[in-house]
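The sequence and structure come before the details.

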Amino acid sequence: MKSDITSKADIKTFVDAFYAKMPSDDLVGTVFMEVMHVDFSKHLPKMYDFWEMLLLDGSNYKGAPMRPHLEINQKTPLTMAHFDRW
């Protein structure tokens with residue numbers, strides 16, 4: 001049985017598992033690797049803080065989550081298929 005996310009360590013485990021699949025994904029991997037050239041060493045800590053803010057009322061996330069997605073969409077149109085896969 002899966003357990004609930006109750007700590008930042010749980011978030012890190014989940015986010016790391018999700019993004020480990022990303023580079024080789026035939027749909028969204030292209031966006032991350034070829035369009036945006038994401039540096040995961042910088043991206044993942046932001047994702048930990050973002051999800052901690054949403055799930056555990058954390059306060060470390062500083063940013064505007066829609067801005068990067070709008071920038072991506074200007075370079076390559078994002079479709080519902082992208083968000084379904086995400």
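Phe40 counts as buried, with 18% relative accessibility; buried means under 20% relative accessible area, exposed over 50% and partly exposed in between, with a 1.4 Å probe and protein chains only. This is a predicted model, in which local features need pLDDT of at least 70 and side-chain atom pairs count only at pLDDT 80 or more, while totals for chains, interfaces and linings use all residues. Residues are numbered from 1 along each chain as its sequence is written, and side-chain values use heavy atoms, leaving out hydrogens and water.

| Residue | Relative accessibility | Class |
|---|---|---|
| Phe32 | 5% | buried |
| Phe40 | 18% | buried |
| Asp26 | 65% | exposed |

The structure holds eight aromatic pairs. In one of them, the rings of Phe32 and Phe40 have centres 6.0 Å apart and planes at 15°, so this pair is stacked. Rings of Phe, Tyr and Trp (its six-membered ring) pair if their centres lie within 6.5 Å; planes under 30 degrees apart count as stacked, over 60 as edge-to-face and the rest as tilted. Ring pairs also link Phe32 and Phe40 into a cluster with Phe18, Tyr19, Phe83 and Trp86.

The largest nonpolar core has 12 residues, including Tyr19, Phe32, Phe40 and Leu44. Such a core is a set of buried Ala, Val, Leu, Ile, Met, Phe, Trp, Tyr and Cys residues joined through side-chain atoms within 4.5 Å. The largest share of this core, five residues, comes from α3.

The side chains of Asp26 and Arg85 are joined by a polar contact of 3.0 Å. A polar contact is a pair of N or O atoms within 3.5 Å; within protein, one must be able to donate a hydrogen and the other to accept it, and residues adjacent in sequence count only if both atoms are side-chain atoms.

Technical notes. Helices (H or I, at least four residues) and strands (E, at least two) are DSSP runs, numbered from the N terminus.
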